[in-house]
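Reader: Could you take me through how nonpolar cores and helix faces are read from a model?

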Amino acid sequence: MRPPAVPRAVTALHRRIIERPVSALVGASLAVVTVAALVVPMPFVEYRPGEAIGIAPLIAIDGVGTTALEGTTALLTVVPRQQPLVPLLVAWLDPSRRLLPVADVYPRDVDRRTYLASQRERFSRQFEAAAAVGARSAGYDVVLVTEVVVTEVVVGAPADGVLAPGDVVLAVDDRPLSSSEELQASVREARPGTALRLRIDHQGGVREVEVVPEDLDGSGVPRLGILVQTAIDRFELPFEIALAEQVRIGGPSAGLMVGLTVHDLLAEEDLLGGRFVTGSGSLDVDGRVGPVGAIPEKVRTAIAAGADVVLVPSAQLEEALAAGDGRVRIIGVETLDEALTALRAGPVGPTTDG
């Protein structure tokens, strides 16, 4: 016996009841996916060119005469952006743009705001060091009291879990330290299997720890597995120098340009010759220029700002030249003195130097 025929109107109604929620659900799902692709950040960071910020207005000097700059000096900034999927794919297809894993930019297990605050603190410390070095270069007597600061600890190394970034190493085996070279020499001279006793300042509290150096890379040289730098604990000048205003800039990369600007403000010479001079590089207490991040993007920042000269660490000259592509004069320097010598050579055309 054949089942009774279902009226055509009932069949159509049933189809509408079933299909409408399904189509609505599919449409809503597609909308969510589209929004996510355009909005939800992916685990990659792209450095984008930022601003060229004039340095002289940031510096307050009191108690000594200064000379006006015959030109402009500026530090270079970049903007890190954690891109959603669609902009990320666009950046990936562009060979001039670089994408970095988030873990290469922001430390794991560290609150993002805490990390950014620590980077602004690094900028303040680098400003003080660079200002003192610039003043000394200009001929002023500067008393520097230095300290050895841990900047990085290698995972799995002897110091892992014993030392932390930001620790100040005060002494090794009761010998006070004033430079990273002194600590490195003590580690190299350590007997195999013998622990070094370190006195450290950890977050304001002084304590002693022991670490046994190891040969970490098969070179036969014992190491603790840390990166350290000589930092200025305090300095004394015959005048006052400070940041004129608070700036939301992080890291040590403005050191070279701050030192150069302070020198030019205090010295009786015209370094700039009417030029717009920018650059990036850290500056240690001995006037050595160190490498920094995002050099290609900083070069593009300088070009967009109309800079005449870009100073970069010599170790990063090649990548700076590639980013500049002949559009701006780029000079690689290893010390503040080299930067001063290069600028004293006078205005020249848009060529490149190393």
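Reader: Which residues have the most contacts inside the largest nonpolar core?

Author: In soluble globular proteins, nonpolar side chains tend to be buried together. A nonpolar core is here a set of buried Ala, Val, Leu, Ile, Met, Phe, Trp, Tyr and Cys residues joined through side-chain atoms within 4.5 Å, where buried means under 20% relative accessible area, exposed over 50% and partly exposed in between, with a 1.4 Å probe and protein chains only. The largest such core in this predicted model has 43 residues, and those with the most contacts inside it are Ile-59, Ile-241, Val-262, Leu-311 and Leu-343. Helix 4 gives the most to this core, with eight residues; helices (H or I, at least four residues) and strands (E, at least two) are DSSP runs numbered from the N terminus. Apart from it lies another core, of 19 residues, among them Leu-163 and Val-228.

Reader: Which residues of helix 5 are buried, and why do they lie on the same side?

Author: An α-helix has 3.6 residues a turn, so residues three or four places apart point the same way. In helix 5 (residues 180-188) the buried residues are Ser-180, Leu-183, Ser-186 and Val-187. They are on the same side of helix 5 because they cover an arc of only 125° around the axis, taken from the directions from the helix axis to the C-beta atoms. Their cover, by contact (heavy atoms within 4.5 Å), includes strand 5 (143-153) and strand 12 (226-236).

Reader: What should I keep in mind about numbering and confidence?

Author: Residues are numbered from 1 along each chain as its sequence is written, and side-chain values use heavy atoms, with hydrogens and water left out. Local features need pLDDT of at least 70 and side-chain atom pairs count only at pLDDT 80 or more, whereas totals for chains, interfaces and linings use all residues.
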